[in-house]
Amino acid sequence: MTRRAVIAIDIQNEYFDTGKLPLVGIEAAASQARQVMDDARAKGDMVVHVRHEFPDPQAPFFTPGTPGVAIHESVAPMAGEPVVLKNYPNSFRDTNLKALLEEGGVEEVVLVGAMSHMCIDATSRAAADLGYKTLVVHDACATRDLEFDGMTVPAAQVHAALMAALGFAVAEIVSTADVTADQE
């Protein structure tokens, strides 16, 4: 059996309504992420939490020492679950994530969290490049509207485009129901 880890990326207060960068659908995505994490715990899989902070204390968001950088209470780490601090979109860059996964004998990663078009994207690509079988739980991820060339791209379209791109050659795109199904 392949050793699996769920990596919960940046499900932090900053992305909720009281934060500085609220995402479309973050509450639903966090609820789905919680289901994936609870299922992993029940199966004995590793659960790793990743949280973002900018090193600059003057950063406009994800500012060190502010409530926004805390992991949201709906997906709070359980005792003994590692929390990785990152400063870049790629959760592997300049962190101990790869070492934690290697120590746990992990071969497959399941990604949930935010933002689909940034940290989920960067971490998925890095995980695949490092040789991990990579699954992204599409309904346990959230993003926001983006703007390009004077045009607003709705969050649902940003998310769909990103999932399509990742599914093309980087990761298996699955639902919460897919990943939490009992496997024999």
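Student: What radius of gyration would a compact globule of 184 residues have, and what does the chain have? After that, please take me into the largest nonpolar core.

Tutor: This is a predicted model, in which local features need pLDDT of at least 70 and side-chain atom pairs count only at pLDDT 80 or more, whereas totals for chains, interfaces and linings use all residues. Residues are numbered from 1 along each chain as its sequence is written, and side-chain values use heavy atoms, with hydrogens and water left out.

For 184 residues, a compact globule would have a radius of gyration near 16 Å, and the chain agrees with this at 15 Å; the radius is taken over C-alpha atoms, and the globule rule is 2.2 Å times the number of residues to the power 0.38. The C-alpha trace spans about 50 × 35 × 30 Å along its principal axes. The chain holds 5 helices and 8 strands, these being DSSP runs numbered from the N terminus, with helices (H or I) of at least four residues and strands (E) of at least two. In sequence order they form the pattern β-α-β-β-α-β-α-β-β-β-α-β-α. Of the 184 residues, 48% are buried, where buried means under 20% relative accessible area, exposed over 50% and partly exposed in between, with a 1.4 Å probe and protein chains only. Among contacts with a separation of 6 or more, 75% join residues 24 or more positions apart, a contact being heavy atoms within 4.5 Å.

Now to the part that you asked about. In soluble globular proteins, nonpolar side chains tend to be buried together. A nonpolar core here is a set of buried Ala, Val, Leu, Ile, Met, Phe, Trp, Tyr and Cys residues joined through side-chain atoms within 4.5 Å. The largest such core has 29 residues, and V6, I11, Y15, V112 and V137 touch the most other members. At least two residues come from each of β1 (4-9), α1 (26-43), β4 (108-114) and β5 (133-142), and α1 gives the most, with 7 residues. Apart from this core lies another one, of 26 residues, which includes V50, L101, Y132 and V170.

With neighbours within four places in sequence left aside, I11 is in contact with F16, A30, A33, I71, H72, V75, V112 and G113. D10 has a positive phi of about 55 degrees although it is not a glycine, and its relative accessible area of 0% makes it buried. Most residues other than glycine have a negative phi, and most peptide bonds are trans. The peptide bond from A114 to M115 is cis, with omega near -20 degrees, and M115 is found in the loop between β4 and α3 (116-129).

K86 counts as buried at 0% relative accessibility, and, beyond its neighbours within four places in sequence, K86 is in contact with I9, D10, V50, R51, H52, E53, S91, T95 and C119.
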